[in-house]
Amino acid sequence: MKELAKQTIFSICLFFTIAMTACLALGYVFAGPSYGLNLTASLLVMTLGIGVLQAFWFSGAGVKKLTYPVRIACFGATAFPVLAASAKVGAWLPDDQPGTWGMFVVIFLVILAVMTAGYTLYYRKSAGSYEAALARYRDQQDKQSKE
């Protein structure tokens with residue numbers, strides 16, 4: 001049942017992304033650029049970019065041996081430019097108010113710190129450590145690939 005739920009959620013996310021991409025393209029073709037379409041496009045690009053970065057830093061496919069805090073720092077350092085570029089292109093914040101960009105940076109850093117602390121506590125409580133959980137995951141993947 002758990003696998004069915006995961007597969008269903010994945011299918012919904014995939015279909016939503018495909019439908020949004022198609023509708024976005026049709027919107028540009030038939031209505032031309034607009035604030036709403038540009039905002040939607042920037043959110044889509046940001047989501048895809050940060051998803052790729054997350055897979056790179058946390059799956060073990062991109063980087064093999066880093067401690068969890070270093071992974072988080074590297075992810076944050078690479079995700080922020082993607083997020084900021086998307087915000088700039090999508091006009092999420094007004095350009096004439098530099099304070100809003102300062103708050104954007106502060107909010108990003110606070111969210112990153114809270115998520116880091118939360119995941120660290122979660123992994124310590126449930127799996128011992130991120131490194132131990134990642135090692136168990138890799139062992140499981142190796143066993144499955146050999147079958």
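At what angle do the axes of helix H1 (residues 2-31) and helix H2 (residues 35-58) cross?

**View 1. Crossing of helices H1 and H2.** In the predicted model, the axes of H1 and H2 cross at roughly 145 degrees and come within 10 Å. The crossing of the two helices is left-handed. On the H1 side, the contact is formed by Thr-17, Met-20, Thr-21, Leu-24, Gly-27 and Tyr-28; H2 contributes Leu-37, Asn-38, Thr-40, Ala-41 and Leu-44. By class, the residues of this contact comprise 6 nonpolar, 5 polar and no charged.

**View 2. Helix H1 and the residue that follows.** H1 has 30 residues. From its first C-alpha to its last, H1 reaches 42 Å, close to the 44 Å expected at 1.5 Å a residue. Gly-32 follows H1 and has a positive phi, near 80 degrees.

**View 3. Packing of helices H2 and H3.** The axes of H2 and H3 lie 9 Å apart, at an angle of about 165 degrees. The two helices are therefore roughly antiparallel to each other, and their crossing is right-handed. Ser-42, Met-46, Gly-49, Ile-50, Leu-53, Gln-54, Trp-57 and Phe-58 form the H2 side of the contact. The H3 side consists of Tyr-68, Arg-71, Ile-72, Cys-74, Phe-75, Thr-78, Ala-79, Val-82, Leu-83 and Ser-86. The contact of H2 with H3 divides by class into 12 nonpolar, 5 polar and 1 charged residues.

**View 4. Cys-74 and Ser-86 in helix H3.** Cys-74 is located in H3 and belongs to the contact with H2. With a relative accessible area of 24%, Cys-74 is partly exposed, because buried requires a value under 20%. Cys-74 and Trp-57, 17 residues apart in sequence, have their C-alpha atoms 7.5 Å apart. Ser-86 is likewise placed in H3. Ser-86 has a relative accessible area of 5% and is therefore buried. Leaving aside residues up to four places away in sequence, Ser-86 touches Ser-42, Met-46 and Trp-92; Ser-42 and Met-46 are among the H2 residues that meet H3.

**View 5. Ala-91 in the loop between helices H3 and H4.** Ala-91 lies in the loop that separates H3 from H4. Although Ala-91 is not a glycine, its phi is positive, at about 55 degrees. Its relative accessibility of 35% makes Ala-91 partly exposed.

**View 6. Packing of helices H3 and H4.** H3 and H4 pack with their axes 11 Å apart and at an angle of about 150 degrees. H3 is therefore roughly antiparallel to H4, and the crossing is right-handed. From H3, the residues Tyr-68, Ile-72, Gly-76, Phe-80, Leu-83, Ala-84, Ala-87 and Lys-88 take part in the contact. Their counterparts in H4 are Trp-101, Phe-104, Val-105, Phe-108, Leu-112, Thr-116, Tyr-119 and Thr-120. This contact contains 12 nonpolar, 3 polar and 1 charged residues.

**View 7. Buried residues and span of helix H4.** Trp-101, Phe-104, Phe-108, Leu-112 and Thr-116 are the buried residues of H4, and they pack against H3 (68-89). An α-helix has 3.6 residues a turn, so residues three or four places apart point the same way. H4 covers residues 98-126, and its 29 residues should span 42 Å at 1.5 Å a residue. The end C-alpha atoms of H4 are 42 Å apart, in agreement with that expectation.

Note on methods: Residues are numbered from 1 along each chain as its sequence is written. This is a predicted model: local features need pLDDT of at least 70, side-chain atom pairs count only at pLDDT 80 or more; totals for chains, interfaces and linings use all residues. Side-chain values use heavy atoms; hydrogens and water are left out. Helices (H or I, at least four residues) and strands (E, at least two) are DSSP runs, numbered from the N terminus. The expected span of a helix is 1.5 Å times one less than its number of residues. Buried means under 20% relative accessible area, exposed over 50%, partly exposed in between (1.4 Å probe, protein chains only). Contact means heavy atoms within 4.5 Å. Axes are lines fitted to C-alpha atoms, for helices over the stretch in contact, and angles run from 0 to 180 degrees between N-to-C directions. A crossing is left-handed if the near helix is turned anticlockwise from the far one by less than a right angle, and right-handed if clockwise. Ala, Val, Leu, Ile, Met, Phe, Trp, Tyr, Cys and Pro count as nonpolar, Asp, Glu, Lys and Arg as charged, and the others, Gly among them, as polar. Angles under 35 degrees count as roughly parallel, over 145 as roughly antiparallel, 65 to 115 as roughly perpendicular and the rest as oblique.
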